[in-house]
Amino acid sequence: MSGATLIDGKAIAAGLRGEVAAAVVRFAGEHGVHPGLAVVLVGDDPASQVYVRNKKRETEAAGMASFEVKVPAATSERELLAVVEELNRRADVDGILVQLPLPPHIDSGRVIEAIDPAKDVDGFHPINAGRLASGQPGLVPCTPLGCIILAKSVQPDLMGLEAVVVGRSNIVGKPVAQLLLAENCTVTIAHSKSRALPEITARADLLVAAVGRPELIRGDWIKPGAIVIDVGINRVPGEGGKHRLVGDVDFEDTRHVAGAITPVPGGVGPMTIACLLRNTLVAAASRRGLPIPL
Ligand code: NAD
């Protein structure tokens, strides 16, 4: 095999951001509504600050309003819940995202459950998770949605594929498995307690790796021609004392076996913010009972 098709998440995400920006203009023109996204940052974790800054830049570039709420790391859970309640009430806020992780004295589950499900653009609220599991419309988690868009960029109809998801977290593994089921795939979820993982992954026509273990999945774990979506973002030591990013899939070992593969970086990563912008527009429309403009 000469080598896998590279799935260019950067370009596909840019395309989606452009579609959202165009839809925002139409939506504002037709309904006089200017969608807004509020991002809540607790404390000053440097990685979270970078994510929040990127989200603000991309939200504004898509023509939407961006509201940043920064509170100190020592903020109590009660104070944070009050911040969320205030955002729930605000008419100009369509989407609320609380940047995770939260400091250990705050129960993130309780904070997520305090978000109005109609504004839960991360799709983490149990009501939205339940809607996804029961096939009802709702807000869908951004990274899993990005994985499906990337897979469909190389195979528009996923019906009947053997799909294997490695990882069962609430934010990636489980929702991506639900979305694949909704696409009529035959879905297997593998995790840290699964036995004979290479035999399970080798059955996959479509493999989604969301593990957080650098280059765990090797070329000989892959069915020739499979679509491989690598969600993992792992920092490993690189040359000259620097770090580099690698996925959960050994890219060099796998690219000659797979039919199509996402690189890390530049694969799933850029899709997350693009899907967040999409979700904010969807929330702005659906909470007003308006047709979704995408
Ligand atoms: P997590 O730690 O919550 O879950 C990891 C899952 O992998 C668990 O369900 C566990 O059972 C499974 N697992 C762990 N070790 C395993 C092993 N040896 N074999 C099989 N399964 C194993 O992680 P998460 O939040 O789901 O994130 C997974 C990866 O995706 C991380 O690298 C994270 O950085 C990345 N991520 C990327 C994005 C993005 O691209 N925007 C978003 C979220 C997460």
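This is a predicted model: local features need pLDDT of at least 70, side-chain atom pairs count only at pLDDT 80 or more; totals for chains, interfaces and linings use all residues.
1. Residues are numbered from 1 along each chain as its sequence is written, and side-chain values use heavy atoms, with hydrogens and water left out.

2. Helix α1 (residues 9–31) packs on α10 at about 20°, and the two axes are 8 Å apart. Axes here are lines fitted to C-alpha atoms, for helices over the stretch in contact, with angles running from 0 to 180 degrees between N-to-C directions. The two helices are therefore roughly parallel (under 35 degrees; over 145 is roughly antiparallel, 65 to 115 roughly perpendicular, and the rest oblique). Helices (H or I, at least four residues) and strands (E, at least two) are DSSP runs, numbered from the N terminus.

3. On the α1 side, the contact residues include Leu16, Val20, Val24 and Phe27, and α10 brings among others Met271, Leu277 and Leu281; contact means heavy atoms within 4.5 Å. By class, this contact has 15 nonpolar, one polar and three charged residues. Nonpolar covers Ala, Val, Leu, Ile, Met, Phe, Trp, Tyr, Cys and Pro; charged covers Asp, Glu, Lys and Arg; the others, Gly among them, are polar.

4. Now compare the pair α6 (residues 142–154) and α7 (residues 173–182), whose axes come within 8 Å and cross at roughly 40°. That angle makes α6 oblique to α7, and the crossing is right-handed. Pro144, Leu145, Cys147 and Ile148 of α6 meet Pro175, Val176, Leu179 and Leu180 of α7. The class count for this contact is eight nonpolar, no polar and no charged.

5. The second largest pocket may interest you too, with a volume of about 340 Å³. On a 1 Å grid over the protein atoms alone, a pocket is an open set with protein on both sides within 12 Å along at least five of seven lines, a cavity is a set of points where a 1.4 Å probe fits but cannot get out, and lining residues have an atom within 4 Å of a point. Grid points are joined across faces, edges and corners, and a volume is the space filled by probe spheres set on the points.

6. Of the 16 residues lining that pocket, Pro137, Gly138, Leu139, Val282 and Ser286 are the closest to its centre. Two or more lining residues come from each of α5 (126–133) and α10 (269–286), and α10 gives the most, with four. The lining divides into nine nonpolar, four polar and three charged residues.

7. The largest cavity has about 40 Å³ of space, and its lining is Val98, Leu100, Ile112, Ile115, Asp120, Asp122 and Phe124. Five of these residues are nonpolar, none polar and two charged.

8. Finally, some backbone details to look at. The Leu100 to Pro101 peptide bond is cis, with omega near 0°, and Pro101 sits in the loop between β4 (95–98) and α4 (108–114). Val264 and Pro265 are also joined by a cis peptide bond, with omega about -5°; Pro265 is in the loop between β11 (260–261) and α10. Asn184, though not a glycine, has a positive phi of about 70°, and lies in the loop between α7 and β6 (186–190).

Note on methods: A crossing is left-handed if the near helix is turned anticlockwise from the far one by less than a right angle, and right-handed if clockwise.
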